[in-house]
Amino acid sequence: MSAANIGPCRDNASDAFHISPPQIHASNPYQQPTAYRHDDSTADMSSSPEAAREPSSASAGEAADMKLELKKPKKKKVLLMGKSGSGKSSMRSIIFSNYIARDTRRLGATIDIDLSHVKFLGNLTLNLWDCGGQEAFMENYLSQQRVHVFSHVGVLIYVFDIESRDVDRDLATYVSIVSALQQYSPTARIYVLIHKMDLVVPTSREHAYDDRVRLVRQKTAEFAASIGMPGDALEITPFATSIWDQSLYKAWAGIIHDLVPNLGAIERNLADLGRAIEAEELLLFERTSFLAVSSWTSEAGQDNPTEDRLERMSNIMKQFKQSISRFTGTPRNAEQFVCMEHKAGTRFSLFILKFTTNTYLMAVLPPGEARFNSAMLNCRIAIEHFKFLDGPSHLAPASASQGA
Ligand SMILES: Nc1nc2c(ncn2[C@@H]2O[C@H](COP(=O)(O)OP(=O)(O)O)[C@@H](O)[C@H]2O)c(=O)[nH]1
Ligand SMILES: [Mg+2]
């Protein structure tokens, strides 16, 4: 595990992971538990004088909008398309079903459309349409099933195999798919994954990726022009991916990040918590996929030179969950640990805590036992205020307790 990449560079003392049962520290030598204030007006506010002193960062109108947004469960239809064998089912299985990369070799070809519903946080459900990419299926989606497949789409994820021999044909199919999408779901976002990048020699990767993205952009612009749209009207978001490294997590976390309905509220609350516990970084992971939903970094934390540490962490934790599953016999999607602590001597410390029903929280802290204990205690206190992440039903108890 390369956890040494997390946190600022300090010396290399005792790096050892250990899993601990949940502990509540009765005494807190560092500071009094900061009564953590959550700025959603729908939740029971802290009654501390500190919380009363500080004005809410969101205006009243903003809070009302957020309240409305939190109550609205969101369903998103996600089309996963691309040629057969390009790696669609592999990535879906790794991200959402906790497969490891080498297990995907045993996946059979997808016949027609494989539908799955993934509950992602409390009020976001992804309806994933993994569309088998054999030509006969593709023709069918574009003709008989056109309305059924391309209506009400929130996101299209189109996967290109970088090693494909027939690039022109791939691009022609892609344009037909984009055309159908434009007809029935013109507001859908388009993500393009240039996949299996591990198969390209490292020195040529950047060039191969740039070249393929340029071609995809060119075809997209040509299509837009052909239907009388301005050349840049159809935006695509490209990612280079491989199931063999953390690039897959970067792409999917990016996609999910754009879909999470109450991101503004999550980010504000995470920043408040980060400042309260004097953390260098906070990461909020979704429980089963371990995708980073949101993060906050302090000024000192921004000096961290490891730019891909979020997705590295997702990858490390997924591998770790795999190992626990293998050695303990627990199911892959089970909740396998409650708290993990890592103290890297005088460099940094971190913990990963089971947070709300759907999330884990990772806090990276400057070294120091007292600071660590205090932060852990404060994060446990904050759980109550983050329950809004679990969806609309979790707003009720807080409001009810006010009336009780
Ligand atoms: N080298 C490499 N192989 C991959 C990658 N992703 C998927 N594969 C392999 O490609 C094959 C086809 O994958 P699959 O997910 O069934 O493709 P699909 O038809 O698009 O669903 C499987 O043997 C996977 O192990 C990748 O990133 N790199
Ligand atoms: Mg498949």
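Tutor: Helices here are DSSP runs of H or I with at least four residues and strands are runs of E with at least two, numbered from the N terminus. The model is predicted, so that local features need pLDDT of at least 70 and side-chain atom pairs 80 or more, while totals for chains, interfaces and linings use all residues. Residues are numbered from 1 along each chain as its sequence is written, and chains are lettered from A and ligands numbered from 1 in the order written.

Student: Which helix gives the largest share of the shell around ligand 1?

Tutor: Helix α3 (residues 88-97) does, with 3 residues. The shell has 21 residues, of which Gly 87, Lys 88, Ser 89, Ser 90 and Thr 104 come nearest.

Student: What makes β5 and β6 a pair?

Tutor: Pairing asks for at least two DSSP bridges; β5 (residues 153-161) and β6 (residues 189-195) have 7, in the parallel sense. At one of these places, Phe 160 has Ile 194 in β6 as its bridge partner.

Student: Why are β3 and β7 called edges?

Tutor: The open sheet of 6 strands runs β3-β4-β2-β5-β6-β7, with mixed pairing. Both β3 (113-120) and β7 (236-240) have a single partner strand, so one side of each lacks a neighbour in the sheet.

Student: What shows that helix α6 packs on the sheet, and how is α6 directed?

Tutor: Contact means C-beta atoms, placed from the backbone, within 7 Å, and α6 (residues 167-184) touches β2 (74-82), β5 and β6. Its direction makes about 180 degrees with that of β5, on a scale from 0 to 180 degrees between N-to-C directions of axes fitted to C-alpha atoms, for helices over the stretch in contact. Helix α8 (residues 247-259) also packs on the sheet, at about 155 degrees to β7.

Conventions. Two residues are in contact if their C-beta atoms, placed from the backbone, lie within 7 Å. A residue is near a molecule or strand if its C-beta atom, placed from the backbone, lies within 6 Å of it.
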